Structure formats: structure tokens, C-alpha cells
Amino acid sequence: MSTLEVDVGDIRPVLVAFTADELVVTLADGRRIATGIRNCGTQARRRAGGSS
């Protein structure tokens with residue numbers, strides 16, 4: 001069995017931000033990771049028994 005080593009750089013998160021549509025994480029090496037967010041508030045209100 002062999003092992004593969006990969007240098008991924010400095011992957012520490014240094015900033016987390018939200019836009020109207022995305023969650024964005026900026027890493028220490030300058031890369032950004034973004035993922036879409038949809039209906040988060042609506043789903044939370046439904047779980048809490050509120051209206052949507």
C-alpha cells in the first residue's frame with residue numbers, strides 16, 4: 001500500500017461572510033470557498049412554528 005501526500009497550502013479560515021445568496025469563507029492563502037444558501041430563514045421559521 002502506498003500513501004499520497006498533497007500540500008494544500010494554508011487552509012485556515014480567516015473570514016466568513018454572508019451575502020443574500022451565499023456563504024463565503026476566505027482562507028489564509030487568499031482562496032475563497034462559496035456555497036449557495038436558499039430558504040434558510042424560511043426553514044428556520046417553519047421549524048419554530050412561525051409563518052413562511
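In what order do the three strands of the open sheet lie, and is their pairing parallel or antiparallel? In this predicted model, where local features need pLDDT of at least 70, side-chain atom pairs count only at pLDDT 80 or more, and totals for chains, interfaces and linings use all residues, the order is E1-E2-E3 and the pairing is antiparallel. Residues are numbered from 1 along each chain as its sequence is written, and side-chain values use heavy atoms, with hydrogens and water left out.

Strands here are DSSP runs (E, at least two residues) numbered from the N terminus, and two of them pair if DSSP finds at least two bridges between them. Strand E1 (13-18) and strand E3 (32-36) form the edges, each pairing on one side only. On average, neighbouring strands of the sheet are turned by 15 degrees against each other, direction ignored; the axes behind this angle are lines fitted to C-alpha atoms, and angles run from 0 to 180 degrees between N-to-C directions. Five bridges join strand E2 (residues 22-27) to E3 in the antiparallel sense, and Val 24 stands opposite Ala 34 in E3.

Turning to the side chains, the structure holds two salt bridges (a side-chain nitrogen of Lys or Arg within 4 Å of a carboxyl oxygen of Asp or Glu). One links Asp 10 with Arg 12 at 2.7 Å, N to O. Of this pair, Asp 10 is partly exposed, at 30% relative accessible area, while Arg 12 is exposed, at 52% (buried is under 20%, exposed over 50%, partly exposed in between, with a 1.4 Å probe and protein chains only). Another joins Arg 31 to Asp 29, with the closest N and O atoms 2.8 Å apart. Here Arg 31 is partly exposed at 40%, and Asp 29 counts as partly exposed at 37%.

Notes:
Helix = DSSP H or I, 4+ residues; strand = E, 2+ residues; numbered from the N terminus.
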